[in-house]
Amino acid sequence: MKICGISKSFGEKRLFSDFSLDVPDGTAAVIQGPSGRGKTTLFRMILGLESPDSGSIEVSGRVSALFQEDRLLGNMSVMNNLLLVTDDRKRIMALLEKVDLGTEARSRVDTLSGGMKRRVSLVRALLSEYDTLLLDEPFVALDDSMKARCAALVLEMTEGKTLLVITHDEADAALLKTERIVHL
């Protein structure tokens, strides 16, 4: 992933000015900073949902993403939400078990807690076929133990792939054990 000299403003507020970042294929990086610094805007520009005012962004291969919002279909079961990504029920159940949701496969999403919804969203992103995984605040609403388990799962599932994680939390960044942390 190459971000070359991007600039982005909203009215008088400039979020980025000639910002560049190179995340070589198969490596991981964390972008960290407090709220309002443009982390989610950068995430949206990488995905092509927003355009930089200038500069360019290149991402190679297939991309999977976990947004800050869970973006699940509340009136459907956990399983049916995940079947939208893959029809491999065995793989779905294996990942649900790893995040302590194996017994919730038939539960409607709108009956789950915030932390449970977050784990379903993370599993959905991990189930996609991807070369690059983008995660925006992936461990929000999770207790410390579950954060550690989910971080370990992310590291396991992204070995040899490109990983970019956006977070405001230094502890969450540390869980991902990457030497590449960019502060905004």
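**Sheet, helices and a buried loop serine**

Strand 6 (residues 132–136) and strand 7 (residues 162–167) run parallel and are joined by five bridges. The model is a predicted one, where local features need pLDDT of at least 70 and side-chain atom pairs count only at pLDDT 80 or more, while totals for chains, interfaces and linings use all residues. Residues are numbered from 1 along each chain as its sequence is written, and side-chain values use heavy atoms, with hydrogens and water left out. Helices (H or I, at least four residues) and strands (E, at least two) are DSSP runs, numbered from the N terminus. Two strands count as paired if DSSP finds at least two bridges between them.

In general, strands of a sheet pair through backbone hydrogen bonds, either parallel or antiparallel.

Axes here are lines fitted to C-alpha atoms, for helices over the stretch in contact, and angles run from 0 to 180 degrees between N-to-C directions. Helix 4 (residues 114–127) also packs with helix 3 (residues 89–98), at an angle of about 135° and with the axes 10 Å apart. That makes helix 3 oblique to helix 4 (angles under 35 degrees count as roughly parallel, over 145 as roughly antiparallel, 65 to 115 as roughly perpendicular and the rest as oblique). As for who meets whom, Arg-91, Ile-92, Leu-95 and Leu-96 of helix 3 touch Val-123, Leu-126 and Leu-127 of helix 4, contact meaning heavy atoms within 4.5 Å.

Helix 1 (residues 39–46) is largely enclosed by the rest of the structure, because six of its eight residues are buried. Buried means under 20% relative accessible area, exposed over 50% and partly exposed in between (1.4 Å probe, protein chains only). The buried ones in helix 1 are Lys-39, Thr-41, Leu-42, Phe-43, Met-45 and Ile-46. Just after helix 1 comes Gly-48, with a positive phi of about 80°.

Then there is Ser-77, in the loop between strand 5 (63–66) and helix 2 (78–83). Ser-77 counts as buried, at 12% relative accessibility. Leaving aside residues up to four places away in sequence, Ser-77 touches Ala-105, Arg-106, Ser-107, Arg-108 and Val-109.
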